Amino acid sequence: MFKLIEVTDQKSLDTFVIASGGDFLQSWAWGDFQATQGSALLRLAVVDASDKYLAVVTLIKKSLPYGRYYWFAPRGPVIANLSDQEFQAVWSFLIKSLATRARADKIAFLRFEPSANSAQATYQVWPLVLGAANIYKTLDLEPSKTAILDLSQDLPTLLASMHHKTRYNINLAGKKNLSIKLATSSDFEAWWQLLSTTAERDEFRLHSRDYYQVMLSLPIMKLYLAYHGEDLLAGILVAQFGYTATYVHGASANQGRELMAPHLLQWRAITDAKASSALHYDFYGIDAHKWPGVTRFKAGFAGQNLAYLGTFDLVWCLGYYKFYTLGRQLFRFFSKLVR
């Protein structure tokens, strides 16, 4: 009835992911990016007897101690709009097929992140399949909540729906002679310095310089930079995939904060996304407890909050998995002690 095939065609994978409401993290370009960072990839699809795609997943192979590995499917697998019964049949076939491959490749577990897909009936069936005995909730890798702005509205309506302070700051920034530049690879050094300044000020860790440089070169990425004269004040990196633009990273200088450059950057990215036929602008991550300032900033744009189900591990080697999770817990405990 079903077959599991390896996907070798970018267009077929991206077309399915977009049509099924999938995320840029399951796009072909993002998989290629992971490959540049040293990860082995496996792109798979479940197809029916007529070779119609029913599910796709890009698996990123990650190393574990003692010669073991796990697969990570960020915001995946992506499953078509199906009835609950069809969904369960496709899911069961997929995980049974993956289990066979996992044994051969010393894969201990699959770490996956069910797509929210709130418009799909299949979202309602996820809690049922996640109740299986060998599936465990783990720490979320991607943000568990986001805010999504509906771009089907016209621009005056979008602006009017925003918090009055956000509207004020967008208008204020527009009067301060700021210039917004759509950056190219030649602007990377300025972007990297801005990221480094932000990380030092806000006390978070960055990936490597190469990580961000390669990310900037992806065809789905746009980098917006805001200048006041010769001074670079802020930048945002936005991924556009299918009908969704996603705010991925932001950075700002220590000076010129009163000019509200980040507000104007977001408004420019929103208007550009709408002009390019995007239907949604995803602010990517909100959490009032972890990131209160950032969350207040994003909330001002009046997107609709959306909660993902989270990150889960589908375990094939239970003994090893228990050893692994105990090691993680001990590492986190001792890391807190030395801070």
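**Figure 1. Phe 24 and its contacts in the predicted model.** Phe 24 touches Trp 30, Ile 220, Met 221, Ala 239, Phe 241, Thr 246, Val 248 and Tyr 284, leaving out residues up to four places away in sequence. The model is a predicted one. Phe 24 belongs to the largest nonpolar core, which has 71 residues. Phe 24 is among the residues that touch the most other members of this core, along with Trp 30, Leu 59, Trp 91, Phe 112, Trp 191 and Met 221. Helix 3, residues 84–105, gives the core its largest share, seven residues. A second core of 31 residues is separate. Leu 178, Leu 265, Ala 273 and Ile 286 are included in that second core.

**Figure 2. Tyr 284, a contact of Phe 24.** Tyr 284 sits in the loop between strand 13 (280–282) and helix 10 (292–299). Is Tyr 284 buried or exposed? Tyr 284 counts as buried, because its relative accessibility is 13% and the cut-off for buried is under 20%. Its phi is positive, about 80°, although Tyr 284 is not a glycine. Most residues other than glycine have a negative phi.

**Figure 3. Tyr 66, an exposed tyrosine with a positive phi.** The loop between strand 3 (53–63) and strand 4 holds Tyr 66. Its phi is about 60°, and Tyr 66 is not a glycine. Tyr 66 has a relative accessible area of 69%. That makes Tyr 66 exposed, because the cut-off for exposed is over 50%.

**Figure 4. The cis peptide bond between Gly 76 and Pro 77.** Omega of this bond is about 0°. Most peptide bonds are trans. Where does Pro 77 lie? Pro 77 is in the loop between strand 4 (69–73) and strand 5 (78–79). Gly 76 is also in contact with Pro 114, the subject of the next view.

**Figure 5. Pro 114, a buried loop residue.** Pro 114 lies between strand 6 (107–112) and helix 4 (126–129). Its relative accessibility is 1%, so Pro 114 counts as buried. Which residues is Pro 114 in contact with, leaving aside neighbours within four places in sequence? They are Gly 76, Trp 126, Leu 130, Tyr 308, Leu 309, Gly 310 and Phe 312. Asp 9 is 105 residues from Pro 114 in sequence. In space the two are 23 Å apart, C-alpha to C-alpha.

**Figure 6. Val 47 in strand 2.** Strand 2 covers residues 40–47. Val 47 counts as buried, because its relative accessibility is 0%. Val 47 touches Met 1, Phe 2, Lys 3, Ile 5, Lys 52, Tyr 53 and Leu 54, not counting residues up to four places away in sequence. Met 1 and Val 47 are 46 residues apart along the chain. Their C-alpha atoms are separated by 8.7 Å.

**Figure 7. The whole chain, as a setting for the close-ups.** The chain has eleven helices and 15 strands. Its C-alpha trace spans about 60 × 50 × 35 Å along the principal axes. Why does the radius of gyration of the chain agree with a compact globule? For 339 residues such a globule would have a value near 20 Å, and the chain has 21 Å. Of the 339 residues, 50% count as buried. Among contacts between residues at least 6 apart in sequence, 72% join residues at least 24 apart. The chain exposes about 16800 Å². Carbon and sulfur atoms supply 54% of that area. The chain has 35 positive and 28 negative charges, and the mean positions of the two sets are 6 Å apart.

Key
Residues are numbered from 1 along each chain as its sequence is written. This is a predicted model: local features need pLDDT of at least 70, side-chain atom pairs count only at pLDDT 80 or more; totals for chains, interfaces and linings use all residues. Side-chain values use heavy atoms; hydrogens and water are left out. A nonpolar core is a set of buried Ala, Val, Leu, Ile, Met, Phe, Trp, Tyr and Cys residues joined through side-chain atoms within 4.5 Å. Buried means under 20% relative accessible area, exposed over 50%, partly exposed in between (1.4 Å probe, protein chains only). Helices (H or I, at least four residues) and strands (E, at least two) are DSSP runs, numbered from the N terminus. Contact means heavy atoms within 4.5 Å. The radius of gyration is taken over C-alpha atoms; the globule rule is 2.2 Å times the number of residues to the power 0.38. Accessible areas come from the Shrake-Rupley method with a 1.4 Å probe; for residues, only the protein chains shown count as cover. Lys and Arg count as positive and Asp and Glu as negative; His and the chain ends are not counted. The place of a charge is taken as NZ of Lys, CZ of Arg, CG of Asp or CD of Glu.
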